[in-house]
Amino acid sequence: MKWTNAIKLMILAVVGMTGGQAQADYPDHPVELIVPSSPGGGTDLMARVIAEVSAKYMKQPFVVSNKPGAGGGIGMGEVRRAKPDGYKVAVLISELAILPHLKMIPFTEQDFVPIARLNGDPGTIVVKSDAPWKNVQDLIEAARHNPGGVSLGNAGVGTIWHLAAAAIERDQHITFNNISFQGAAPSVTALLGGHVQAIVVSPVEVNSYIRSGQLKMLGVMTDERLAGEYAKVPTLKEDGVNVTVGTWRGLGVPKNTPENVVAQLRDVSRKIVEDPKFKEGMAQANLAVSYQEGPAFAKFMAQQSDYFKGLIATVDMKK
């Protein structure tokens with residue numbers, strides 16, 4: 001009996017040493033970076049900048065994998081269910097604070113270990129350059145005189161841009177014909193093709209089309225005007241619409257991921273954000289760098305969840 005117990009202890013010791021060595025060698029093969037949206041949008045662009053810059057700071061590369069659907073729930077859910085070993089990292093997006101309150105996903109931000117927040121961007125309303133509306137109030141008046149007659153595209157049911165549209169409807173007592181797509185990029189394509197009359201997106205998704213003159217921005221969902229090339233675009237509040245909504249993006253891993261793996265990913269994230277090449281890539285994509293350490297990011301996500309829970313209770317998200 002004593003020999004049996006001794007053998008068991010030896011086996012456990014060997015397994016423990018092997019596991020510890022595996023963690024110490026992290027990463028010993030490529031790390032999958034799960035993007036919960038379609039290629040071409042802001043989340044995808046940020047992930048690809050991360051993957052490029054991370055090569056300077058990691059022994060193995062980040063490999064970007066797009067998993068769109070369910071407002072981001074499919075991609076984030078895949079990471080949530082993954083083995084907690086650090087080899088599947090999620091790009092966490094603002095919808096993580098929304099979808100649980102719509103009963104669209106069975107998990108919350110508490111199911112992840114936050115690595116860092118890397119980005120934050122405002123919402124905007126965009127139309128084709130030849131659209132008859134010069135500002136947001138013109139668009140709202142068109143919807144007021146023709147309830148359900150103005151089509152407004154968004155990145156998907158339950159996404160932050162769907163919620164932003166619903167918040168505008170609530171604030172202005174109007175009704176849009178809200179049309180949801182599988183990500184922001186497809187909504188932009190629909191607008192360019194004339195399949196919708198306006199969309200709610202972040203600046204990055206439309207930057208190149210605005211510069212080329214194909215699209216125009218009617219308003220931004222911020223308290224103050226943006227700097228730079230969009231400084232002339234009024235806020236919604238300037239047009240009498242009391243709605244301020246923005247998106248954010250960060251990194252997270254499943255709960256129970258080893259502490260040393262989490263620490264390494266946080267260290268790499270901090271180095272990435274401080275790297276001039278990351279800042280340059282984000283600027284080219286018109287994405288704002290907004291960094292938060294893991295614990296601060298966790299607190300921020302909890303606050304966002306509380307905010308959207310209250311907002312959702314006041315709007316009709318079935319439209």
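Okay, quick definition before anything else: when I say helix or strand, I mean a run assigned by DSSP, at least four residues of H or I for a helix and at least two of E for a strand, numbered from the N terminus. And please keep in mind that what's on the screen is a predicted model.

Let's begin with the six strands that make up an open sheet, in the order β2-β1-β3-β10-β4-β11, with mixed pairing. On the edges you'll find β2, residues 62-66, and β11, residues 289-293, and each of those pairs on one side only.

Zoom in on one pair here. β1 and β3 are parallel, and three bridges hold the pairing.

Which of its residues are buried? They are Gly73, Gly75, Met76, Gly77, Glu78 and Val79. Notice that a glutamate, Glu78, is on that list. The cover over the buried residues includes β1, β3, β4 and β10.

Now the other sheet. This one is open as well, with five strands in the order β7-β6-β8-β5-β9, again with mixed pairing. Its edge strands are β7, at 177-180, and β9, at 215-220, each pairing on one side only. The twist from one strand to the next averages 30 degrees.

Inside it, β5, residues 124-128, and β8, residues 198-201, run antiparallel and are joined by four bridges. There, valine 126 stands opposite isoleucine 199 of β8.

And here's α5 again, residues 160-172. In this sheet it lies across β5, β6, β7 and β8, running at about 115 degrees to β8. So which strands does α6, residues 184-192, touch? Those are β5, β6, β8 and β9, and the direction of α6 makes about 155 degrees with that of β8.

Okay, helices against helices. α2, residues 42-54, packs with α9, residues 276-284, at about 160 degrees, and their axes are 10 Å apart. Anything over 145 degrees counts as roughly antiparallel, so that's what we call α2 and α9. The crossing is right-handed. On the α2 side, the contact uses Met46, Val49, Ile50, Glu52 and Val53, while α9 brings Lys277, Phe278, Gly281 and Met282. Sort those residues and you get six nonpolar, one polar and two charged.

α9 has another partner, α8. These axes come within 5 Å and cross at roughly 65 degrees. The range from 65 to 115 degrees counts as roughly perpendicular, and that is why α8 gets that label relative to α9. Ile272, Val273 and Glu274 of α8 meet Pro276, Phe278 and Lys279 of α9. That contact splits into four nonpolar, no polar and two charged residues. Phe278 of α9 takes part here, and it also turned up in the contact with α2.

Most residues other than glycine have a negative phi, and most peptide bonds are trans. Proline 27 sits in the loop between α1 and β1.

Then histidine 173, with a positive phi near 55 degrees. You'll find histidine 173 in the loop between α5 and β7. Buried or exposed? Its relative accessible area is 72%, so histidine 173 is exposed.

And asparagine 256 has a positive phi as well, near 75 degrees. Its place is the loop between β10 and α8. With 69% relative accessibility, asparagine 256 counts as exposed too.

How values were computed
Residues numbered from 1 in each chain as written. Predicted model: local features only at pLDDT ≥ 70, side-chain atom pairs only at ≥ 80, totals over all residues. Heavy atoms only, no water. Pairing = 2+ DSSP bridges. Axes fitted to C-alpha atoms, helices over the stretch in contact; angles between N-to-C directions. Contact = heavy atoms within 4.5 Å. Parallel < 35°, antiparallel > 145°, perpendicular 65-115°, else oblique. Left-handed = near helix turned anticlockwise from the far one by under 90°. Nonpolar A, V, L, I, M, F, W, Y, C, P; charged D, E, K, R; others polar. Buried < 20%, exposed > 50% of the residue type's maximum accessible area, 1.4 Å probe, protein only.
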